[in-house]
Amino acid sequence: MGMLVPTALAARLQSLFQQQLGSLWSGLAMLFCWLRIALGWPDPGRGQPRVRGEPKETPETHEDPGSAQPTTPVSVNYHFTRQCNYKCGFCFHTAKTSFVLPLEEAKRGLLLLKQAGMEKINFSGGEPFLQDRGEYLGKLVRFCKEELALPSVSIVSNGSLIRERWFKDYGDYLDILAISCDSFDEQVNVLIGRGQGKKNHLENLQKLRKWCRDYKVAFKINSVINRFNVDEDMNEHIKALSPVRWKVFQCLLIEGENSGEDALREAERFLISNEEFEAFLQRHKDVSCLVPESNQKMKDSYLILDEYMRFLNCTGGRKDPSRSILDVGVEEAIKFSGFDEKMFLKRGGKYVWSKADLKLDW
């Protein structure tokens, strides 16, 4: 019995030492990334440990793509969480995991992307304001604007969890807030799955529009056109809200996400034809901020990072992951992204995306 106390004490001291060593290593890793950016050192890429919790890669995802020129990740969409408080029936990035990177690891990955040429980061989900009641997201937004000096930092959210306090704390660092709204009929929103209890999605939309104006954040609306809203006339509502952009998507199937045996959603009943989508666009052709995206334009023209910071390749109708940029670096991982840079430019993926350049009348 006499040896039990010293042994327990030793184990406790060892645990504390490991925690302190982990914090020291995280700080050194961040410092090394900063030095690489400041001094132009090459990215060693390989040799970094696999992210804790990341699924093991599958060989078929990582075939040699050839000797193509490296892709510059000018605009990146980081879906850092898959968890959501809504249940939109057509969602194509569903809650297949609950994993979220530790904050310092996420910052390390963002540093690597900045070094590789990233100019714009868009945070999405899932619902990005779920994690730590928006504090995790706020810290990333501030880091990207204040520390990385990115020209554009944006968020896509359903808006249901955003509080005015968040704008007070982090609004200065955010260029664009995009709120998802598929209908101006509240019953249709509920039918789609964009609702939660007694909260009114449209009333919340109006409140967020005001906060964006008050705290000088550019306001954007995203709408997915589907079977339940394809005949709706949204002209007057959009003009009244006056977003800087109204992104209009055609409902898209992604196998394993909203279609197929492994899917958490069944989006087939939401699909519309290309002709129906074009008819919707024609009905709203006089809305100056309209930015349409058909399935053809959308599928391969986004650089998407998942919760493990893996690029997702959608060319085969699925979301096949690369290795994590935290393991192999950006240049190596992006080879497997399936990114169509020409389509990215053709659909207007690069635009005036810094609120300093938008010259808005707040």
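Start with the salt bridges: the structure holds 16 of them, a salt bridge being a side-chain nitrogen of Lys or Arg within 4 Å of a carboxyl oxygen of Asp or Glu. This is a predicted model, in which local features need pLDDT of at least 70 and side-chain atom pairs count only at pLDDT 80 or more, while totals for chains, interfaces and linings use all residues. Residues are numbered from 1 along each chain as its sequence is written, and side-chain values use heavy atoms, with hydrogens and water left out.

Select Arg 82 and Glu 257. Their closest N and O atoms are 3.1 Å apart, forming a salt bridge. Arg 82 sits in the loop between strand E1 (75-79) and helix H2 (103-115), and Glu 257 in the loop between strand E6 (245-250) and helix H8 (274-283), 175 residues apart. Helices (H or I, at least four residues) and strands (E, at least two) are DSSP runs, numbered from the N terminus. Both Arg 82 and Glu 257 are buried (buried means under 20% relative accessible area, exposed over 50%, partly exposed in between, with a 1.4 Å probe and protein chains only).

Next, select Arg 318 and Glu 255, whose side chains meet in a salt bridge (3.5 Å, N to O). Arg 318 is partly exposed at 30% relative accessibility, and Glu 255 is partly exposed at 42%.

Now select Tyr 78, Leu 110, Ile 121, Phe 123 and Trp 246. Of the 71 residues in the largest nonpolar core, these touch the most other members. Such a core is a set of buried Ala, Val, Leu, Ile, Met, Phe, Trp, Tyr and Cys residues joined through side-chain atoms within 4.5 Å. Helix H3 (residues 135-147) gives the most to this core, with 6 residues.
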